[in-house]
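Hi,

Here is the structure I promised to pass on. Have a look at it first, and then read on for what turned up in it.

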Amino acid sequence: MKECDDMQNLGSASSADIGDFEKLFAVTTVMMQSVISFLMSDHLPVGQQFFLGGIYEVVKFSASAFIFGILFSTIRTHPHAHLKDYPRFMVNRWHVLFIPSIMWTTIYLLLLPQLQQHRHYHNIATFCWQFINGNAAPHLWYNVMMLQFIILMPFFWALARWCHNRPHRAVAAFTITLLFELAWHWLYKLEIFHGPQAQNWYLFDRVFPSFIIFAVSGTLLWTFHGPLCRFAMRHWGSAIVVWCILLYYVTLNFFNYGTPVSLDNAPYYLPSMIFYNLSSIILIAMIATYMQKFRNQWLPLVHWIALYAHRAYLSHVFWLYWSWQLLNHWSLSLMIKFPLMIGMTIFLAFMSAYGLHILWSSCKQLFHIHHIVNG
């Protein structure tokens, strides 16, 4: 297919690659998850609990898709990277990823300390602990885990080189990683998910092995994007059927816990979620491939959203909190409040991300820092 052969020309300053589409879907759906979490904190009728719980389960692929997208795009844009390129890579990522992470973590801890998870800080030591472990806000656990993949990027560069033009190695790498991930998630199910270590091992969700299958998959998809893309597009109908079956299975498991519906019963770390998340990622990749084939007019917008996705993600709970406080003063039905909160959160998060980028660009010009690029 021509669209697969043309992928190397996409993802430039004016277009979007598969990784950009994964980030687009991931960042918007994770904001939906946060909105649902806020709404579920109220005592909703059972029907509304199931309605929001069902949507929550549908979009529960977001963290996995974002890791996949990061690795796909990074391998695509650094096809010949070696360890010697790592310092320059990390300087760029320090400005684009780490500085916004530090800034927003500080904002949450100082301005919205009530959003902390597990325990609250009460001295310098506990402040630092909350700062680094992702407990400063409900969503920052994921940021801690994601940054680990950035630090480990030379491993994935090496994996891409090792598998290049050697599909049997790629199959072996994927199979070994999948078996490891299944065992890792099975351990979570036995020991943490309603298990004896639920409180002691809560940091399990923010270490990179919990999502490594999606990082390896993103690496391998770019490495073999031609044949894999053609295979997926030939079997798009089967992919949709498999996705529907998996969605039914994971949603049924979630609802089997009964009422009240608790989002704690819908973690990422169950063996069935590995396959549901992979099937969702595949469908997004197929949408991206289809739109690339016809040079869709929305490709530049998708690329723009992907550039600011991480920074919008960091800020979105801040804006969601204040939107929530504002809307709570009005008596609105769920059918109005739910989409309104989603729209307000997405808009404010991306506008703040873009505005801070403009401010940071001005600072770079002032201090003559010209080697850092956005993205």
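Predicted model: local features only at pLDDT ≥ 70, side-chain atom pairs only at ≥ 80, totals over all residues.

A helix here is a DSSP run of H or I at least four residues long, and the numbering of helices starts from the N terminus.

First, the overall picture. The chain has 15 helices and 0 strands. Its radius of gyration is 21 Å, close to the 21 Å that the globule rule gives for 375 residues, so the chain is as compact as a globular protein of that length. Along the principal axes, the C-alpha atoms fill a box of roughly 55 × 55 × 40 Å. Of the 375 residues, 54% count as buried. If you take the contacts with a separation of 6 or more, 81% of them are between residues 24 or more positions apart. The accessible surface comes to about 17,700 Å², and carbon and sulfur atoms account for 69% of that.

Now the inside. The largest nonpolar core has 88 residues, and Ile67, Tyr142, Phe149 and Phe211 have the most contacts inside it. Helix H13 (residues 271-293) gives this core its largest share, 11 residues. Another core, of 35 residues, lies apart from it and has Met32, Tyr56, Leu314 and Leu334 among its members. As for Tyr142, leaving out residues up to four places away in sequence, it touches Ala63, Phe66, Ile67 and Tyr313.

Back to H8, which covers residues 153-163. Which of its residues are buried? They are Met153, Pro154, Phe156, Trp157, Leu159, Ala160 and Cys163. A reminder that helps when you look at such a list: an α-helix has 3.6 residues a turn, so residues three or four places apart point the same way. The cover over the buried residues of H8 includes helices H4 (62-77), H5 (86-111), H7 (140-151), H9 (167-191) and H10 (212-223).

Beyond its neighbours within four places in sequence, Thr74 is in contact with Phe89, Arg93, Met153 and Trp157.

Next, the charged pairs. Side chains of opposite charge can pair when their charged atoms come close. The count here comes to 3 salt bridges:

- Asp17 with Arg76, where the closest N and O atoms are 2.6 Å apart. Asp17 is in the loop between helix H1 (2-5) and helix H2 (18-40) while Arg76 is in helix H4, so the pair ties together parts that are 59 residues apart in sequence. Both residues are buried.
- Arg206 with Asp205, at 2.9 Å from N to O. Arg206 and Asp205 are buried too.
- Asp85 with Lys84, with 3.5 Å between the closest N and O atoms. Asp85 is partly exposed at 27% relative accessibility, whereas Lys84 is exposed at 67%.

The loop between H9 and H10 is worth a look as well. Setting aside neighbours within four places in sequence, Phe193 is in contact with Tyr188, Tyr257, Asp264, Asn265, Pro267 and Leu270. Tyr269 is 76 residues away from Phe193 in sequence, yet their C-alpha atoms are 8.5 Å apart in space.

His194 is found in that loop too, and this residue is exposed, with a relative accessible area of 56%.

That brings me to the backbone. Most residues other than glycine have a negative phi, and most peptide bonds are trans. His194 has a positive phi of about 60° although it is not a glycine. Arg295 is not a glycine either, and has a positive phi of about 50°. Arg295 is in the loop between H13 and helix H14 (299-327) and is partly exposed at 46%. There is also a cis peptide bond between Thr259 and Pro260, with omega about -5°. Pro260 belongs to the loop between helix H12 (236-255) and H13.

Last, the surface. Met103, Leu356 and Leu359 form a nonpolar patch there, with about 240 Å² of accessible area together. Leu359 is part of helix H15 (residues 334-366).

Cheers

Notes: Residues numbered from 1 in each chain as written. Heavy atoms only, no water. Buried < 20%, exposed > 50% of the residue type's maximum accessible area, 1.4 Å probe, protein only. Helix = DSSP H or I, 4+ residues; strand = E, 2+ residues; numbered from the N terminus. Contact = heavy atoms within 4.5 Å. Patch = residues over 30% accessible without salt bridge, like charges linked within 9 Å, V, L, I, M, F, W, Y side chains within 5 Å. Areas by Shrake-Rupley, 256 points an atom, 1.4 Å probe, with all protein chains shown as cover. Salt bridge = Lys/Arg side-chain N within 4 Å of Asp/Glu carboxyl O. Core = buried A, V, L, I, M, F, W, Y, C linked by side-chain atoms within 4.5 Å. Rg over C-alpha atoms; globule rule 2.2 N^0.38 Å.
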